[in-house]
Amino acid sequence: MFKFILKRLLQAIPVLLLVSIITFLLIHAAPGGPFAEEKAVPPEVLKHLNERYKLDQPVHVQFYDYISHAVRGDLGPSFKYPGRSVNEIIAAGFPVTLELGCYALLFALLIGIGSGVCASLNPNTWQDYLPMTFATIGICLPAYVLGPLLVLVFGIWLEWLPVAGWELIPGDKILPSITLGSVYAAYVARLSRGGMLETLSRDFIRTARAKGMPEAVIIVRHAMRVGLLPVVSFLGPALAGLLSGSFVVETIFQVPGLGRYFVQGAFNRDYTLILGTTLLFASLIIVFNLIADVMLAWLDPKVRQETVHG
Amino acid sequence: MITGNALKAVLSAAFLFIASCGFNYETNVESGTRQGILHIGNGDEPRELDPHVVTGRIESDLCLALLEGLVGWHPEGKRLIPAAAKSWEQSEDARTYRFHLREDAKWSNGDPVTAADFVYSWRRALLPALGNNYAYMLYYIRNAERFHQGEITDFSQVGITAPDDLTLVVELENPTPFFLQLLTHMSYYPVHQATVEAFGAADERGTRWTRPGNHVGNGPFKLKEWVLNRSIVVEKNEHYWDAGTVKLNQIVFYPIQNATTEERMFRAGQLHITNNMPVDKIAHYRQERPGALKIFPFFSTYYYLFNTTATPLDQVKVRQALTMSIDRQQIVDKITKAGEIPAFSYTPPDTNGYTATAQVRYDLERARALLAEAGYPDGTGFPGLELMYNTSEGHRRIAIAIQQMWKTNLNIDVTLTNQDWKVYLDKRDGKDYQVARAGWIGDYLDPNTFLDMYTTSSGNNDTGWSHRRYDALIARAGATTDQDRRFALFQDAESILMTELPIMPIYTYVSKSLVSPDVRGWRPNILDIHPFKYISLVPSADELSADDLSADDLSADDLSADDAD
């Protein structure tokens, strides 16, 4: 197992290097520089800015310079925010994004597994159709529709919850977490229903029932352990998606997370900020996929065999 | 059924949790009004709080709370009032100003504000390595341009001197009638030398001097808290010379970019004042809460650029035909909907007493005739046009309307191209376009801020248009003191601009905000500058008789001052 993790981590190095090269080349190829403004920037000012941020150097020199700082953990200064380093922006925004992502994931798992399992136990009854209808709607309803809808109902009409903000007013974390989590809740519900249905019809469940084991033990200890494997393998990409895809929710609810910088860094041609956030999210995707694989191996003996010896 | 019951239990628990968290909380507006804390939307996260590094509206509003120039705007924006300087004199030839600073003006750490602070700050604003985008605002001072360009390095040759602690003498290149207005701009704000230099060299960008705990300013408020992307809190500066006028205890600025989110926050009582207002909601507010909706003419023009270096737009008659064939009234009534004013000249109407006499017309017959004279009768043989705008739903709707108008009225085919902001800027700058959307906000209340953009040498002239007489008129206006004669020169220049039409004016913007009825002292203002020191909060239940400015809102010496503008 240790060898497997080490191998995967070593593989990550060329992947991250490639990601940074491609990102670097793409942003430098994009028209318009970081200092272009609607009001013309006087040429002498532009010259000083380019010198200060080393943009007057050849691209390979800039890249080498960037990478040699990045490996030491220094992601450079932001171009748009002269007083902020990319490290500082990430340090401020990432914990918020992570917190939001975790709440959203928690919501997705609670609602998703709950309704998925409930549906699988009563297939083709209202207890199946109702949650699955919601799941289908949930998958179809993007955050920019669901978010404002929730705000209108709970924020403005019922006046139960704040309409926007993060740690400004008690309760303001609830709506963004639900909005971000709901699409994933829908996926989790469908995955767990499918997994459970398949498992419940397998021989070992029939054997357990024949032995007279209590139904609750059969479901929780035996069926769910196998039936929820698809959910576990979905967790890695889901958490990565929750973290890097929170831009829309952050904008709707005025959440000071990293998603906004990730997207706007590209619009602003803030080279270092795009590179820094891209590298961060790339690393996270690698790590989360690895964690999901390790968890899968721990839960499923079949996969464990392949991972260790394959 | 175990699971059914469990689900029910989870849902009711969640409901109780939600209800207990949020039920009936006191809104920001309620608690803010009670405690004198103003909650205001500020559009975006500021890039910096250093007045010599930043350029935008977001930053200038924050600097307005934290710093103060020699003079400031009256809250109605029509005239200037003394600020850090209590009075000033102008020499006979209008080229030298002598400012007298207040004895009681202090920095937020208690240090006195001296003339030397201004000399230091203006020198800093001009240091080439600082990369100040607005350094050109100081070019009206003798030798400032040469110092900034690095042609001279000895700052004593620049026309800024401090004969004593409380006197500042400024010599100008030319008599500049709007010079006092420039002093309200953040590039002329002072910074505290010891603070700036405690965190880096004078010309170092982005040092930590602007952080809470470090920041020292001379404005009515001081920086208390700055959480990236969440909020900026400023609190009353007890060392401010006019602290008696300042009613607010704190201001909380929120970097809300999305106008729809901002409107919802306003509706839920989380904000006293918004920075913007979604167009779709204007009709609703007009009907339901007209008192909260604040829409005022704004010193800014929405217009299109013509690239005059390539056919067919190198022909004046084509540009005239295009300009005459759009129905501006329709655009402001049906698309922008906030009461924008159709623009028939480039400078907005009543620019400090100047209204352009030369106006473009909406005249379809003449437009068709001009197009025929240019060689394209009824649009036949016209090569087609590409209209470029930066990504925005508002710009797209206007572009579609104009595309339709040109098709119907002139039988000209127009393709629309939507570009990401930086690509758009790049193409504009490289004249890689035919027709492009543009907007311009005046820096100071004078026709010059609009008209000097289209001189041949201006960095903002992206049309390739060049007219020697126009350049000469603008230069002559720059060297003229007499306001009537200046305005006459500007009239001549603008009539050239409105005949040659390298640009096509569309409408004059309005500023749109939602303002809680608790807010007092927030007044109509063409520059959309609302000095925070005059704003106060009163629960709207016990309303005052009038929201208008009364004489006692301003301190006595504001009114007695030498009003030189």
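Tutor: The contact draws 47 residues from chain B and 49 residues from chain A, two residues being in contact if their C-beta atoms, placed from the backbone, lie within 7 Å. On the side of chain B that touches chain A, α1 (2-22), α8 (259-267) and α14 (421-429) of chain B each supply at least two residues; helices (H or I, at least four residues) and strands (E, at least two) are DSSP runs, numbered from the N terminus. The largest share of that side, nine residues, is provided by α1(B). By residue class, the side of chain B that touches chain A comprises 21 nonpolar (Ala, Val, Leu, Ile, Met, Phe, Trp, Tyr, Cys and Pro), 17 polar (the others, Gly among them) and nine charged residues (Asp, Glu, Lys and Arg).

This is a predicted model: local features need pLDDT of at least 70, side-chain atom pairs count only at pLDDT 80 or more, and totals for chains, interfaces and linings use all residues. Residues are numbered from 1 along each chain as its sequence is written, while chains are lettered from A and ligands numbered from 1 in the order in which they are written.

Chain B as a whole has 18 helices and 18 strands. Its C-alpha atoms fill a box of roughly 90 × 70 × 45 Å along the principal axes. Of the 565 residues in chain B, 47% are buried, that is, 20 or more other C-beta atoms lie within 10 Å of their own, with C-beta atoms placed from the backbone. In chain B, 68% of the contacts with a separation of 6 or more join residues 24 or more positions apart.

In chain A, 23 of the 27 residues of α7(A) are buried.

Terms used
Buried ≥ 20, exposed ≤ 12 C-beta atoms within 10 Å, placed from the backbone.
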